[in-house]
Amino acid sequence: MTSILITGANKGLGFETARQLIAAGHIVYIGSRDAERGRRAAEQLGGRAVQLDVTDDVSVQAAVEAIEADGGLDVLVNNAGLAVEWLDTNVVIGAADLTSAVMRQTFETNVFGTVRVLHAFLPLLRRSTAPVVVNVSSSLASLTRVATPGTSAYNYPGVAYPASKAAVNMITVQYAKAFPDIRINAVEPGFTKTDLNGNTGRQTVEQGAEIIVRMAQVGPDGPTGGYFDAEGTLPW
C-alpha cells in the first residue's frame, strides 16, 4: 500500500482527498495543526492522525520522525493553505489596501510552509520506489489567465493569494527539475465550497478533490513539473 501524507487534512479539500485515497486502499496520514481535530478526522476516515503545523519547524520535524518510525512515506500532498485577503464580508483585499503584513501571513503558510514540509520530508520520499509530491495551487496562480481580459482570474482583485500560489508553481517546477526521480506537480482543484472561501465556491469538495487524488496516484512514468486541473494542463 502507498503511504500518503496530506497537510491541512482535517477539513475541506484535504479531508475529502484523504477520504477518497483511503477508499482507494492507501495508508493516509491526516496532517492537522490542531491535534484533536486531526484525531477526530482520522478516526472518522480510518486514517492515521499526525499533528503538523506547516509554519513550525519543530512540529514538522516531529511529524517526519513519527511517519518514519511508522514505515516511511511515498506521497506528499501539500494542501494546507490560507487566504488572508478573503474577508468575512466576502470583500477581497486588493492592491490599494494590501499591506506587507497580509503578504507575510499568506506566504508564511502557502509558500514557506510548503518549502518547510518539502525540505523535511525529502529524505523519506527519496527512499520510496515511486515518490510523488502534489502541491495544491490555484488558477489564480496563472499569469496568463490573470493577464487575459475576460477570464475570471483577470477580474480577481487580490494580490497576496495569487502571488503565493504563483510562487508554489515556481517551487513545483524547480523541485521537479532538481529531483527527476520524484513526480512533482501543481494542481488547481477549482473554486470549491470550503471554509477557506466561506463556502461560496461553485463545486463540491468531491469534485475539487478529484484532480488532487488523481495526481497523488501517478506512477513513475507520469508527468512531473506540470500544472493541471481536472480538464488537463493549465497555462503558466
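Here is a short chat about helices and salt bridges in this predicted model.

Trainee: Hi! What should I know before I start?
Mentor: The model is predicted, so local features need pLDDT of at least 70 and side-chain atom pairs count only at pLDDT 80 or more, while totals for chains, interfaces and linings use all residues. Residues are numbered from 1 along each chain as its sequence is written, and side-chain values use heavy atoms, with hydrogens and water left out.

Trainee: Which residues of α7 are buried?
Mentor: V205, G208, A209, I211, I212, V213, M215 and A216. Buried means under 20% relative accessible area, exposed over 50%, and partly exposed in between (1.4 Å probe, protein chains only).

Trainee: And what do they pack against?
Mentor: The buried residues of α7 pack against α1, β4, β5, β6 and β7. Helices (H or I, at least four residues) and strands (E, at least two) are DSSP runs, numbered from the N terminus. Contact means heavy atoms within 4.5 Å.

Trainee: New topic: how many salt bridges are there?
Mentor: The count comes to 10. A salt bridge is a side-chain nitrogen of Lys or Arg within 4 Å of a carboxyl oxygen of Asp or Glu.

Trainee: Where do R214 and E210 lie?
Mentor: Both are in helix α7, 4 residues apart, about one turn of the helix.

Trainee: Is R116 buried or exposed?
Mentor: R116 counts as buried because its relative accessibility is 19%. R116 forms a salt bridge with E108, with the closest N and O atoms 3.5 Å apart.
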